[in-house]
Amino acid sequence: MLVLGIESSCDECSFAVVENGRKIISHVIATQIEDHKPYNGVVPEIASRRHVEMITPVYRQTMELAAEQGVKPSDIQGIGVTTHPGLSGSLVVGLNYAKALSYAWNVPYVGVNHILAHLYAPQLEQEIPYPYLGLLVSGGHTMITLVKGYQDIQVLGASIDDACGEAFDKVAKHYGLGYPGGKLIDDLAMQGNDRAFAFPFANLHKGGHRYDVSYSGLKNAVINQLDTFWDGKSEKSVENICASFQRVAITSLLKKLYRAVEDTGITTIVAGGGVAANSYLRKSLEEHPDYQVYFPGMELCTDNGAMIAGIAYHYLKEGNVSGLDAGVSPRVKGFRKI
Ligand code: ATP
Ligand code: MG
Ligand code: FE
């Protein structure tokens, strides 16, 4: 079955045609990074307006690439679209496009959960047997999950405040490094001493926070970078600040992930989201030869239409379809079980 996937939840406008939930026939991702750069973050109103402008060109390009593979619009048997969570104004643009195509082509469409799609994404590269622990770290989400099936996911832990990528972006903004901050901090950190500043680890483990993380204290400590955090010997350079921040940000996440590995006995780990590109994260996980760690390629790590088409295939195959009256939601309902 050929499925068209549509993603417009945040600042990426993306379409893909995927066969049987696995084989990518065509895939186009248009990012709006340049539009949001002046503001050091995604501006919802700009994002939705840009989606309106971009959606038809991105759709057309995806179908042109599919045509080169011998796929015509009439071969598409279903449509998948992100309906939650995300920015409402952006989600609505993709959803209405999906409804219009579904009506015009007379094929079913299904609204899907963006988080479930991220955790499904590596399945587009290779078949990964369930169960696995899913680590989803992006500009909007930070989650440690137990993944038992494409829609059987339990959120073990999450950030109680800022998302991990958001902390990278805000630190970068404060130091005038640019946007998005993750890659810039990662690169600077390579030249720094990660012990120069003793930034604080959030001490969250009691009261049901066994796998939760927190980034607002760390972010503020780095932004307000006080001499008390400084070892007094190393140079107070931005490289040292980046390296010290990155070590605490990633290590605090990994501590909770390793706890989940110990508690569940599951050693298969699948990472996703933009922060999964972080070199310190990758290196740290690779140091565990007994873990099976999967990092999808960058294109499948960040927001993309292929993961939406991929997961939608499974819903559509089971006759799970959405109606023309369906809406969007900025949040995930039933947080611990999604
Ligand atoms: P959502 O949370 O809805 O998926 P998003 O657009 O915020 O959306 P992504 O596009 O998946 O998230 O990822 C972007 C985030 O990843 C940004 O916060 C960016 O700083 C971060 N990021 C990208 N590369 C790196 C890196 N090498 N190290 C750390 N963070 C990174
Ligand atoms: Mg993005
Ligand atoms: Fe995302």
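The following legends describe close-up views of a predicted model.

Residues are numbered from 1 along each chain as its sequence is written, chains are lettered from A and ligands numbered from 1 in the order in which they are written. In this predicted model, local features need pLDDT of at least 70, side-chain atom pairs count only at pLDDT 80 or more, and totals for chains, interfaces and linings use all residues.

**View 1. The annotated binding site.** An unreviewed UniProt entry places the annotation "binding site" on H114, H118 and D303 (positions in the numbering used here, feature names shortened; annotations may be inferred rather than shown by experiment). These residues are spread over 190 residues of sequence yet cluster in space, with a largest C-alpha distance of 8.7 Å.

View 2. H118 belongs to helix α4 (residues 114-120) (helices are DSSP runs of H or I, at least four residues, numbered from the N terminus). H118 is buried because 30 other C-beta atoms lie within 10 Å (buried: 20 or more, with C-beta atoms placed from the backbone). Beyond neighbours within four places in sequence, H118 is in contact with L136, G272, G273 and M307 (contact: C-beta atoms within 7 Å).

**View 3. Surroundings of D303.** D303 lies in the loop between α10 (298-301) and α11 (305-317). D303 counts as buried, with 28 C-beta neighbours inside 10 Å. Its contacts, leaving aside neighbours within four places in sequence, are E7, S9, C10, E12 and S14.

**View 4. The shell around ligand 1.** Among the 22 residues around ligand 1, G139, G140, G165, G182 and G274 come nearest (near: C-beta atom, placed from the backbone, within 6 Å). Helix α6 gives the most to this shell, with four residues.

Conventions. Helices (H or I, at least four residues) and strands (E, at least two) are DSSP runs, numbered from the N terminus. A residue is buried if 20 or more other C-beta atoms lie within 10 Å of its own, exposed if 12 or fewer, and partly exposed in between; C-beta atoms are placed from the backbone. Two residues are in contact if their C-beta atoms, placed from the backbone, lie within 7 Å.
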